[in-house]
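This briefing is meant to be read beside the sequence and the coordinates. It begins with the overall picture and then turns to particular places in the chain.

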Amino acid sequence: MAFWDCIISAMALRAVGRLARPRRALCTQSASYRSSVRSGPCDEAAELSAQSLFSRSAVGSFFQDQPLLRNPVGEDALLQSYLRRHFPSTEVKEDLSRFGERLVNEIDALGHECEEHPPRLQHFDAWGNRVDRILTSSAWTRMKEVSAEEGFVAAGYERCFGEWSRVYQMSKLYLYAPSAGLYTCPLAMTDGAAKVIESLGRSLPVDEAFQRLTSRDPKRFWTSGQWMTERKGGSDVARGTETLAFQQPDGTYRLRGFKWFTSATDADMALVLARVVDGHGQIVQGSAGLSLFYAEVRDQFGRLNGIEVKRLKEKLGTRQMPTAELLLYDLPAHLVSPEGRGVATIANMLTLTRIHNTVSAVAAMRRIIQLSRDYATKRFAFGKLLKDHPLHVQTIARMEIETRAAFLLMMEVCRLFGKEESGTASDTEVHLFRLLTTVAKLYTGKQAVAVVSEGLESFGGQGYIEDTGLPRMLRDAQVLSIWEGTTNILSLDVLRSTAKSSGHVLDSFFADVKTKMLAVNGSSALRPAVEAVNTALSCLGKFVHTAAQRPPGYMELAARDLAYSLARIYMGCLLIDHASWEGASHADAYAALRWCEQDLCPVASRDSRGIYDPNSSQMDSSLVYEGYTNN
């Protein structure tokens, strides 16, 4: 041991001596040492090669090529085939292709700038005056101009493509969302506000607001906020809303209350829920006491209208967008819903914002795959490119199948929406739209988190490095399962829509799936997938029939799995339907077959194991709260 201790000590002393010498002396010594041990011309050539190879040893000579964003229209095979199938005219594809180039060359950089320069709140000006200015980046302002120029909201109301206008509008937003720097959020609320105003009938003063919300003129275009959430309730607005509305002699109202979470707080107007105070100072509790109001955020001088911005929210993601706590004190407002019908009036808004949420979820999945597969052609590891490692490609293929299923569900919801708006939807399609809007939002929100997370992993360590822009995608995806109703809240909405329609929404679901499967029954290549969907549909039917005979709490426990079953069965149905189209590719058929290999009806599978038994619920509670003490 003493011998080795001496050797190690000597080596350590030599290392310290080398580190203490100037860099040039070290190089000279190294060259002298190497020349003393060289034995011939081959060694000299090797020495010259080594000097060239390590000439940049401070940083190394290798730099990984980054994935490139190209025109997403040209690289999205499913989008292109969908357009070929449903839009014989080339006008839509040409506009989307043009927009794709603008996205790559201009808009994507603006989105990164929105992330790098998040909003900040200025409470006071230099002279001590309370101003509550929300300061955003120039890129955020430019996004508003782009939104008007591209008609992201206007396209839904111009209806140039008839019942397909919403499909066109949402296709554009699908391309835009991953590069939008979260400007898709104010656009969703703006679209929702325009829909509410249109459904109520356009009269002053909201007619002027509607014209601005749907304008293509950047100087006239407005965005809208939706100010619903308060401290006592998120989704539970019926019990959680405390904001009061006091009627004025001229028929307008003044609002007083505290809105705990207001997205896109720099909007030009907002729709607000509040309770009307009658002449005796009384209010009505519950949803029956809520009314909907229209308010402009600023007065003619640009000052906030009876609003104090208490603080901006610190969030996991969506940092690009200003979200704030607001104190409303005598905010001037106009009653736009029948008194006490506020919750019913915002139903159209919730429908639209949930569709926008679905679009953003599918768009995030498509973008991470687009970048991941490009990176796989550039990253060399373990002797070959990532694209030549079958396991790596298999993982991306699984992400692709999830994304294709989500895309077709998104497009079907948009198609049904367009038919309903144009008055061409059948009763079955109307019921199906009501059901699928909720199902699509809850399922794709969860898919997006899983697919984007897997996508980050496909980049290895680079996927975890902030300045690649990739971690932001995962942070922003997480909100998609929370905003506009969490997964459990929306699962219960599925039960409510079933009960409210006396079961017609489920009848429409079963009828539509059966019709689509009968249309492709002759395809031998797709037969395993068709059989899987038909089997799952049969299992679902048996479950629904059996569950209807049991106590109400039974169905509530099964609500989440029921919603997942509806989503998976219908996604399989749509994948098969698209794969059976004469213009479909072999990849379309492969995606349908692979999707249908999973458990398409988890609610029936879990029911057979007694998961929804009341005793199971008690055991769940015991498991969760074991060791918990409430002092």
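The model discussed here is predicted, and its mean pLDDT is 90, with 90% of the residues reaching 70 or more. The protein has 631 residues, of which buried residues make up 50%, and its secondary structure comes to 23 helices and 11 strands.

**Confidence and overall layout**

- Residues 6-39 have a pLDDT below 50, and in the model this stretch makes 8 contacts beyond near neighbours in sequence.
- Taken along the principal axes, the box filled by the C-alpha atoms of the protein is roughly 100 × 75 × 65 Å.

**Cysteines**

- The structure holds 0 disulfides, and for Cys414 the nearest cysteine sulfur, which belongs to Cys160, is 17 Å away.
- Cys414 counts as buried because its relative accessibility is 1%, and Cys601 counts as buried because its relative accessibility is 3%.

**The hairpin of S1 and S2**

- Strand S1 (residues 120-124) and strand S2 (residues 130-135) run antiparallel and are joined by 4 bridges, with Phe124 standing opposite Arg130 in S2.
- The two strands, S1 and S2, form a hairpin with 5 residues between them, and Gly128 in the turn has a positive phi of about 90°.

**Helix H4 and its surroundings**

- In helix H4 (residues 77-86), the buried residues are Leu78, Leu79, Gln80, Ser81, Tyr82 and Leu83.
- These buried residues of H4 pack against helix H5 (91-116), H8, helix H14 (390-422), helix H20 (552-579) and helix H21 (586-595).
- Arg415 has its place in helix H14 and, leaving aside neighbours within four places in sequence, Arg415 is in contact with Tyr82, Glu163, Trp164, Val167 and Glu429.
- Although arginine is its residue type, Arg415 counts as buried, because its relative accessibility is 16% and the cut-off for buried is under 20%.

**Cavities**

- A search of the whole structure finds 3 cavities of 30 Å³ or more, and the largest cavity has a volume of about 70 Å³.
- The lining of the largest cavity consists of Pro72, Asp76, Tyr174, Leu175, Pro178, Ala363, Arg366, Arg367 and Gln370.
- Two or more residues of that lining come from each of helix H8 (165-176) and helix H13 (347-376), and H13 gives the most, with 4 residues.

- Ser224 is placed in strand S3 (residues 224-227), and Ser224 counts as buried because its relative accessibility is 0%.
- Not counting residues up to four places away in sequence, Ser224 touches Pro186, Met189, Thr190, Ala193, Leu213, Ala267, Met269, Ala270 and Leu271.

How values were computed: Residues are numbered from 1 along each chain as its sequence is written. This is a predicted model: local features need pLDDT of at least 70, side-chain atom pairs count only at pLDDT 80 or more; totals for chains, interfaces and linings use all residues. Side-chain values use heavy atoms; hydrogens and water are left out. A disulfide is a pair of cysteine sulfur atoms within 2.5 Å. Buried means under 20% relative accessible area, exposed over 50%, partly exposed in between (1.4 Å probe, protein chains only). pLDDT is the predictor's confidence in each residue, from 0 to 100. Contact means heavy atoms within 4.5 Å. Two strands pair if DSSP finds at least two bridges between them. On a 1 Å grid over the protein atoms alone, a cavity is a set of points where a 1.4 Å probe fits but cannot get out, and a pocket is an open set with protein on both sides within 12 Å along at least five of seven lines; lining residues have an atom within 4 Å of a point. Grid points are joined across faces, edges and corners, and a volume is the space filled by probe spheres set on the points.
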